[in-house]
Amino acid sequence: MSQRVLLIEDDEAISEMVRSYLVKEGYEVETAFDGEAAERIFRDRDPFELILLDLMLPKRSGTDILQSIRATSLVPVLIMSAKDSDVDKALGLGFGADDYITKPFSMIELAARVKAAIRRAGYALVGAAAEEPATKVKKIITLRGLTVDLDNFSARKNGEEVKLTAKEFHILKLFVTHPGQVFTKAQIYGSVWDDDYYGDENVINVHMRRLREKIEDDPSHPEYIKTLWGIGYKLEGAVQ
């Protein structure tokens, strides 16, 4: 069965170029040309394996659509945008995007990123079940009011649901399944993104900040995931 991609791009020429290339690569691609149509298609159609999202859209912005998607789904979102500043990248990643590609881009690079994002998401869905029996981890882990359910990819803080993106959840999972272990940014990137790390600290910093904003009482003085300056991060305390 073909993997389904929702392409949200208001430039019809770019949309057709991307759609045609991905179809040739074996994907089933549905297109939307404005934010309202995108939200309607995402809500009413069968689930997609990936969302390709332009930030500059008529009727509703790409960031609005991203936030709406993240309210109900962990589907991978790859932003396509002409904006190339660190602020725009941080904004997109902070709202829950999984990756970011700047226009103009090559179709080869785009297809590679699409494939990698879907592969990572597929790995995430079977991550807990893929544990070897001899090293099987606990399915529900608690730590001082924070509960992480590895089977259902969910977290709760003092009984209240914590809405995490896929990347935020897998960063949290990495730490709660390895309490007390120190992870460098390169190790976090390699584990969560399943890719080589080239020193782009902005990606790690944005995701770590957003995760702390959701699980910490005071994100500027974190009690769960501690920073070891110049080294990396570690989970503080014993899990149950």
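**Salt bridges and strand pairings**

At a relative accessibility of 22%, Arg210 counts as partly exposed, and in this predicted model Glu213 is likewise partly exposed, with a relative accessible area of 41%. The two side chains meet in a salt bridge, with N and O 3.8 Å apart. Glu213 and Arg210 both belong to helix H8, which covers residues 201–215, and because they are three residues apart there, about one helical turn separates them. In total, the structure holds 17 salt bridges.

A buried setting is found around Asp98. The side chain of Arg70 forms a salt bridge with that of Asp98, at 2.8 Å from N to O. Arg70 lies in helix H3 (residues 62–70), whereas Asp98 lies in the loop between helix H4 (86–94) and strand S5 (99–102), so this pair ties together parts that are 28 residues apart in sequence. Arg70 and Asp98 are both buried. Asp98 also forms a salt bridge with Lys167, in which the closest N and O atoms are 3.2 Å apart. Since Lys167 lies in helix H6 and Asp98 in the loop between H4 and S5, this second pair ties together parts that are 69 residues apart in sequence.

Lys167 itself, found in helix H6 (residues 166–176), is buried, because its relative accessible area of 7% falls under the 20% limit for that class. Apart from neighbours within four places in sequence, the residues in contact with Lys167 are Asp98, Arg120, Val192, Trp193 and His207.

The strands can be followed next. Strand S1 (residues 4–8) and strand S2 (residues 28–32) run parallel and are joined by five bridges, with Glu28 in S2 as the bridge partner of Arg4.

In the hairpin formed by S7 and S8, four residues lie between the strands, and Phe153 in the turn has a positive phi of about 50°.

Technical notes:
Residues numbered from 1 in each chain as written. Predicted model: local features only at pLDDT ≥ 70, side-chain atom pairs only at ≥ 80, totals over all residues. Heavy atoms only, no water. Pairing = 2+ DSSP bridges. Helix = DSSP H or I, 4+ residues; strand = E, 2+ residues; numbered from the N terminus. Buried < 20%, exposed > 50% of the residue type's maximum accessible area, 1.4 Å probe, protein only. Contact = heavy atoms within 4.5 Å. Salt bridge = Lys/Arg side-chain N within 4 Å of Asp/Glu carboxyl O.
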